[in-house]
Amino acid sequence: MSDIDREAFPKPALIAVGLLLALSLAGTAAVRIARTSAPVAAPSAPASTASVDLRFSDQSDGSIRISDNRSGAVVATLAPDSNGFIRGVMRGLARDRISRHIGEAPPFRLSQDHAGKLWLQDTATRRLIDLEAFGTGNRAAFAELLHTPAAPVAETKT
């Protein structure tokens with residue numbers, strides 16, 4: 001055996017390591033308990049040249065009806081098993097709303113800025129999606145919704 005095996009470990013070093021561990025654990029616990037975090041500013045959409053507030057409604061046949069929030073006029077109806085990109089984006093936004101216990105009443109704002117970029121914003125959660133990031137084909141799917149004239153809503157007689 002060597003001399004190091006017979007010597008006791010220095011007590012000041014053990015105490016220092018113990019205090020460091022205790023301080024780290026206490027600090028982590030305090031932050032978790034207080035749930036403190038830096039405030040995050042909600043992103044805001046750039047100034048737009050064109051925008052429309054849309055509502056997306058699932059239909060019993062699997063289609064999705066897209067209507068103008070202001071007038072209630074139908075902008076488009078997506079057939080079942082079509083328009084995968086729009087369905088995917090809206091599914092993600094709907095999941096976010098469900099996790100926050102927000103219904104489907106608040107509209108989504110589709111807008112185009114001065115540079116021609118398209119943005120989709122959830123007016124309830126303030127989540128903002130830059131549709132340019134997904135390529136021109138996917139952008140075009142939403143661009144059609146922005147520039148499609150709304151059809152009048154058929155009145156039902158009761």
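These points cover the nonpolar core and the aromatic contacts of a predicted model.

1. Core. The largest nonpolar core holds 24 residues. Phe 56, Ile 66, Leu 110, Leu 120, Phe 142 and Leu 145 have the most contacts inside it. At least two core residues come from each of β1 (48-58), β2 (64-68), β3 (74-78), α3 (84-99), β4 (108-113), β5 (118-122) and α4 (136-147).

2. Leu 145. Neighbours within four places in sequence are set aside here. Leu 145 then contacts Val 52, Leu 54, Phe 56, Ile 66, Val 75, Ala 76, Ile 86 and Leu 110.

3. Phe 56 and Phe 108. The whole structure has 3 aromatic pairs. In one of them, the ring centres of Phe 56 and Phe 108 are 5.8 Å apart and the planes meet at 80°, so the pair is edge-to-face. Phe 56 sits in strand β1 and Phe 108 in strand β4, 52 residues apart. Phe 56 is buried at 13% relative accessibility. Phe 108 is buried as well, at 6%.

4. Phe 85 and Phe 134. Here the centres are 5.1 Å apart and the planes are at 55°, so this pair is tilted. Phe 85 belongs to helix α3, while Phe 134 lies in the loop between β6 (128-130) and α4, 49 residues apart. Phe 85 is buried, with 17% relative accessibility. Phe 134 is partly exposed, with a relative accessible area of 40%.

5. Charge over a ring. Arg 97 lies over the face of Phe 108, 4.1 Å from the ring centre. Phe 108 thus carries two points of note: the edge-to-face pair with Phe 56 and Arg 97 over its face.

Conventions:
Residues are numbered from 1 along each chain as its sequence is written. This is a predicted model: local features need pLDDT of at least 70, side-chain atom pairs count only at pLDDT 80 or more; totals for chains, interfaces and linings use all residues. Side-chain values use heavy atoms; hydrogens and water are left out. A nonpolar core is a set of buried Ala, Val, Leu, Ile, Met, Phe, Trp, Tyr and Cys residues joined through side-chain atoms within 4.5 Å. Buried means under 20% relative accessible area, exposed over 50%, partly exposed in between (1.4 Å probe, protein chains only). Helices (H or I, at least four residues) and strands (E, at least two) are DSSP runs, numbered from the N terminus. Contact means heavy atoms within 4.5 Å. Rings of Phe, Tyr and Trp (its six-membered ring) pair if their centres lie within 6.5 Å; planes under 30 degrees apart count as stacked, over 60 as edge-to-face and the rest as tilted. A charge sits over a ring if NZ of Lys or CZ of Arg is within 6 Å of the ring centre and within 35 degrees of the ring normal.
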